[in-house]
Amino acid sequence: MQTYLGPPQLPSDDKRWKIVEATARRHGREPHALIETLHTVQETFGYLDETALRFVAVTLRAPLSRVYGAATFYHFFTLKPKGKHACVVCTGTACYIKGAPALLAAIEKRHGIKPGETTPDGELSVLTARCLGSCGLAPAVVMDNAVMGKIGPEEMLARIGKGIGR
Amino acid sequence: MTIEELRKIAETEREAQNKCPHKVCVCIAAGCLSSGADQVRDALKREVAESGMQNEVLVKGVGCMGLCSAGPLVSAETQGATQFAAESHLFAGVTSEDAPELIRGLDTGSNGLKRCPTNVPFFERQKKIVLENSGKIDPERIEDYIASDGYVALVTAITEMTPQEVIDQLLRSGLRGRGGAGYPTGLKWSTVAKTGEQEKYVICNADEGDPGAFMDRAVLESDPHRVLEGMAIAAYAVGAQKGFIYVRAEYPLAVKHLKTAIKQAERLGLLGNNISGTRFSFHADIRLGAGAFVCGEETALIASIEGKRGTPRPRPPYPAEEGLWGCPTLINNVETFANVAPIIRNGAEWFAGIGTEKSKGTKVFALAGRVENTGLIEVPMGITLREIIYDIGGGIPEGKQYKAVQTGGPSGGCIPSPHLDSPVDYESLARIGSIMGSGGMIVMDETSCMVDVAKYFMEFCMSESCGKCVPCRAGTQQMHGLLEKIAAGEATPADLALLEELCELVRSTSLCGLGQSAPNPIVTTLKYFRKEYEDHIAGASCPTCHTKEHEEVAR
């Protein structure tokens with residue numbers, strides 16, 4: 001049980017914790033900064049692990065259950081580390097009717113992973129997005145932050161292959 | 001900041017821009033950006049610098065020009081004393097390699113680039129209020145916004161009008177909420193204003209979650225100051241001092257432009273304490289969403305800003321009385337706020353003169369799917385669906401047949417061809433079973449199977465249901481299961497009856513809009529395309545599903 005109200009101890013010497021702490025501080029370490037702080041954790045660490053959730057809970061003086069609840073409620077947050085490369089297939093309505101299911105099927109056939117999964121070697125993660133808002137370019141795929149629009153399965157697989165270097 | 005000071009900034013900015021006879025604008029909103037528009041802009045700038053034409057050509061990045069499918073778009077405007085006086089061209093699909101040719105061709109007015117005619121219905125049939133600056137101004141420069149009469153409405157409102165006068169203008173304008181439900185904006189404002197003197201909040205709902213909708217993103221990316229100005233005017237009218245913009249984390253560019261805009265407005269004293277030397281203060285802050293569709297519902301959105309899980313709560317009390325941290329809260333959508341400044345600037349009567357009797361003004365739609373011209377459009381209320389799809393949208397590509405248009409996302413419905421001539425306004429769309437919604441408009445042709453479409457939307461609602469109330473949590477799952485059964489050809493007529501019963505149950509007993517409207521896609525497809533359901537049940541192969549499999553194999 002912590003009794004002091006000062007800033008909690010950082011989990012490690014990792015400088016990234018200071019960035020997380022700064023977000024919490026900017027919002028007065030109030031529980032309402034929870035989502036903003038979780039965003040910072042995910043931005044800096046890539047995902048939310050138990051250490052991070054515990055640290056955020058103590059920093060914002062929020063129950064761990066609430067932190068865990070929010071982290072699992074919102075789709076944007078992930079509790080598992082992502083692969084080195086991320087391929088996001090948009091499954092918004094426009095992309096869906098223009099062939100997003102075929103794109104996902106092609107990835108599964110070639111790389112053996114379904115949306116939300118990562119290849120065993122940790123190289124590639126496949127994710128889906130509800131809508132990237134690039135409906136004019138449907139179907140759209142984002143490979144490591146580069147958007148590819150109006151893309152077919154073959155070209156997409158080639159670009160993914162280039163991205164992960166095989 | 002006074003009106004005079006604003007005018008001075010505007011004049012200086014206009015002079016600086018008019019110094020160059022050529023103005024080259026590159027669309028750097030998300031659509032074009034994803035096809036490399038930033039590189040095009042940099043290449044153009046480099047080319048201008050290398051050929052020493054800095055005093056003749058001004059290259060700037062601007063917001064969305066609308067025709068996203070033809071991106072990256074570059075417009076070149078030539079004005080002044082040349083023989084090609086005030087000529088304007090739009091180029092489509094420009095690449096960085098085209099930069100030298102484009103710049104060299106400015107003086108002669110000719111080059112070999114792919115031109116995009118602007119005298120076509122896609123541009124001519126639109127009426128721009130919300131998007132009037134989109135594609136014209138640099139969204140990252142407040143001066144450019146001020147040069148287009150920006151912040152005049154805010155300064156006028158707080159120095160010359162009482163809060164009640166502002167609300168009266170909104171009431172008379174007939175503006176209705178653009179988030180989808182169409183509640184009169186002025187009425188909402190006056191409810192919040194009437195709650196007396198206490199802590200109040202203004203929230204801008206920019207959690208645009210409907211798949212296939214990107215209107216709000218385009219507005220925030222292309223003209224963020226317009227939304228801030230609208231929010232500040234609203235805050236003045238209802239007596240709030242603090243505002244939040246709840247924006248999707250999936251829109252990084254919109255967030256970046258908003259952050260820049262807030263900083264710039266604060267620097268010029270157009271946001272912050274004692275704006276224009278009055279007693280009115282307003283601070284705006286950004287809150288990021290985290291990918292929960294239900295947070296578009298206002299009470300869920302408030303819970304999310306408070307740092308909780310985004311689950312809705314029963315209304316009343318409405319947020320107007322008890323909202324963020326229990327305080328009266330005004331929540332409007334991005335597009336609603338974007339309409340405010342023009343209404344104050346041009347008067348309520350001007351706005352009320354556009355549109356139909358009950359739906360005033362314009363509506364921005366994200367036109368996508370199986371249609372020739374996909375992109376962002378703004379049309380006057382009352383235009384027919386046929387005009388949007390065939391005139392503006394250019395019809396269905398590859399000689400295919402129109403089948404349905406889906407409006408309102410997962411809460412809306414599919415409209416078949418017999419209703420193509422119905423006008424686009426809140427009441428007419430509701431009458432044919434769909435809703436106006438936030439503005440997603442997805443056109444489908446004969447290759448889309450309606451059972452599959454209904455299943456797609458139900459899958460969406462099922463996974464986005466927050467789980468708080470049983471009808472939505474369990475109902476969407478059951479409906480999805482039934483649809484899967486039907487799609488697989490394993491269902492019986494009893495399943496169809498059960499599905500219809502469930503639709504009614506979920507609609508009438510769910511806690512929030514998500515559940516109440518979740519059955520809509522099924523209800524409308526059942527109403528207009530019942531035969532497709534029956535064909536699936538009878539085991540007859542669905543011609544459309546069948547074609548689709550063929551297509552996928554062929555690809």
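Does B:Y151 count as buried or exposed, and how many C-beta neighbours lie inside 10 Å of this residue? In the predicted model, B:Y151 has 28 C-beta neighbours inside 10 Å and therefore counts as buried, the threshold for burial being 20 or more. The residue is placed in the loop between α6 (142-147) and α7 (152-160) of chain B. Its backbone carries a positive phi, near 65 degrees, although B:Y151 is not a glycine. Most residues other than glycine have a negative phi.

A positive phi is also assigned to B:S276, another non-glycine residue, with a value of about 55 degrees. B:S276 belongs to the loop between α12 (252-267) and β7 (283-288) of chain B. With 19 other C-beta atoms within 10 Å, B:S276 is partly exposed.

Cis peptide bonds were examined next. In chain A, the bond from A:A138 to A:P139 is cis, with omega near -5 degrees; A:P139 lies in the loop between β2 (124-129) and β3 (141-143). In chain B, B:R315 and B:P316 are joined by a cis peptide bond with omega of about -5 degrees, and B:P316 occupies the loop between α13 (298-305) and β8 (329-333). Most peptide bonds are trans.

At the level of domains, chain B is assigned domain 1 (19-120), domain 2 (149-352), domain 3 (362-445) and domain 4 (450-552). The C-alpha centres of domain 2 and domain 3 of chain B are 27 Å apart. Contacts between these two domains involve 15 residues of domain 2 and 17 residues of domain 3. On the domain 2 side, the contacting residues comprise five nonpolar, five polar and five charged residues.

Key:
Residues are numbered from 1 along each chain as its sequence is written. Chains are lettered from A and ligands numbered from 1 in the order in which they are written. This is a predicted model: local features need pLDDT of at least 70, side-chain atom pairs count only at pLDDT 80 or more; totals for chains, interfaces and linings use all residues. Domain bounds come from an automatic or database domain assignment. Two residues are in contact if their C-beta atoms, placed from the backbone, lie within 7 Å. Ala, Val, Leu, Ile, Met, Phe, Trp, Tyr, Cys and Pro count as nonpolar, Asp, Glu, Lys and Arg as charged, and the others, Gly among them, as polar. Helices (H or I, at least four residues) and strands (E, at least two) are DSSP runs, numbered from the N terminus. A residue is buried if 20 or more other C-beta atoms lie within 10 Å of its own, exposed if 12 or fewer, and partly exposed in between; C-beta atoms are placed from the backbone.
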